[in-house]
Amino acid sequence: MGGEKKMNNNEMKFIGIKTNNLKNIDISILKNKLNCIIGPSGSGKSSLAFDTIYAICEHECRMITGDEEIYKYLVDDYSDLLFAVALKQTNYNSNERSTIATYYGLDRFFKFLFSQKHGVPPETFSFNSYSSSCKECSGFGYIRETDLSTIIDYDATVEEIPFLPWRKSKKDYYKRLLIMACEEQSIPLNVPFRELNDSNKDFLIYGLSKTKFKINYIQAGRKRVLTDEYHGIKNIDDNKKLNTVQLSDEYIKKPVCPACKGTRFNSSIQKYQVRGKSIGDVYLMEFDELYDWLEKEKSHISESELSPVIKFIKNIKEMKLGYLFLNRSIPSLSGGEFQRLRLSQILHTKFEDILIILDEPLSSLHAQEKICVIDKISKMKSKNTILVVEHNVDILSICYKTIILDGSGK
């Protein structure tokens, strides 16, 4: 049609954006370029990048698969979209069994490697298997211990409840139980915990009352009655009595398991070794060291199996994350570490022509780390479209297009 105006599909276009605090703005994202969104805190950078652009791209993909989802973006029109991946500065993964090895599928290679060397099934080398995991820590690599330094308010009296987990409870059950137990033991109620004698402190932390108490208490505005004995707060995770509460991680310390030394495997698995290393040992090697170890194994492993792993670990090293190791749990990673690991994964993928949205990728990095990440982002734009939410001037210098939000929603 000679008279028609040719559409410019080198841009993603979004018209009349009104999501959250944005006020009817129009923007375009240049494909196969590095685009930046900048502006002061609260100016709507996340509303634009994640709640609008990424949400629209994701919504369109879900419409193709028929997967229904509710989205809150508000726009008049959009066109020429790309498949999008969003890497935010957040880490919502709370599964302690999820490690760098399992999350990125690297464990499959090492299971196969050790299986091949010793002729046993690959699943033998899974710390999530009951028969292979350390029985002392159940395959977590650490043990849970009550951290008294975070639990006790030494300046509080019994009446004020010196144990913070009990004090934060919405029911007055614990205060009544403490008072009744202290009356049985002749422990003063109005003396700060730090001034109690050692015998009284030990009872409150580790002790068990001689009798059961009938406790009248109020919970959610209703009167309730329970009969129970007093258990010291140190045993909170070890007993199932009604006067206990499940301790959150803020009150728990996690020292390395003395039985498996953090490998997560039991001793029967540790006997299977490759060049003097068990699979548990390998999982604890920092990536800097692991890379060298694998390089020396090249002659014993097929190129097709080893090459993807070597490339992925090399990307991790180049992201200045060489201090991490395969057994590191995903929940323990900072938002920045997690985002850079995911960047390494994207660099490793065979996908091209996708939109990659990054959330302040230079945040909290040292100068040398920033240089490395900027270099990686710059290389990514040759095959993909990059949208960066950032305020760091170092990355703005290589941006092809900058979208400035002034804080007024415009």
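In which sense do β3 and strand β14 pair, and over how many bridges? The two strands, β3 and β14 (residues 401-404), pair in the parallel sense over 4 bridges. Two strands count as paired if DSSP finds at least two bridges between them. The model is predicted: local features need pLDDT of at least 70, side-chain atom pairs count only at pLDDT 80 or more, and totals for chains, interfaces and linings use all residues. Residues are numbered from 1 along each chain as its sequence is written, and side-chain values use heavy atoms, with hydrogens and water left out.

Strands and helices are DSSP runs numbered from the N terminus (E, at least two residues, for strands; H or I, at least four, for helices).

These pairings belong to an open sheet of 5 strands, ordered β5-β12-β13-β3-β14, with parallel pairing. Its edge strands are β5 (84-87) and β14, each pairing on one side only. Neighbouring strands are turned by 15° against each other on average, direction ignored. Strand β12 (residues 355-359) pairs with β13 in the parallel sense over 5 bridges. I357 stands opposite L387 of β13.

Strand β3 (residues 34-38) is mostly covered, with 5 of its 5 residues buried. Buried means under 20% relative accessible area, with a 1.4 Å probe and protein chains only. L34, C36 and I38 point one way, N35 and I37 the other. Helix α1 (residues 45-65) lies across β3, β5, β12, β13 and β14. Its direction is at about 155° to β12.

The largest nonpolar core has 58 residues. Such a core is a set of buried Ala, Val, Leu, Ile, Met, Phe, Trp, Tyr and Cys residues joined through side-chain atoms within 4.5 Å. F110, L290 and L294 have the most contacts inside it. Helix α11 (residues 303-318) gives the most to this core, with 6 residues. Beyond its neighbours within four places in sequence, F110 is in contact (heavy atoms within 4.5 Å) with I279, V282, Y283, L290, L294, V309 and L326.

Helix α3 (residues 106-118) packs on α11 at an angle of about 135°, with the axes 11 Å apart. Therefore α3 is oblique to α11; oblique angles are those left after under 35 degrees (roughly parallel), over 145 (roughly antiparallel) and 65 to 115 (roughly perpendicular). The contact involves L106, F109, F110 and F112 of α3 and E305, L306, V309 and F312 of α11.

Key
Buried means under 20% relative accessible area, exposed over 50%, partly exposed in between (1.4 Å probe, protein chains only). Axes are lines fitted to C-alpha atoms, for helices over the stretch in contact, and angles run from 0 to 180 degrees between N-to-C directions.
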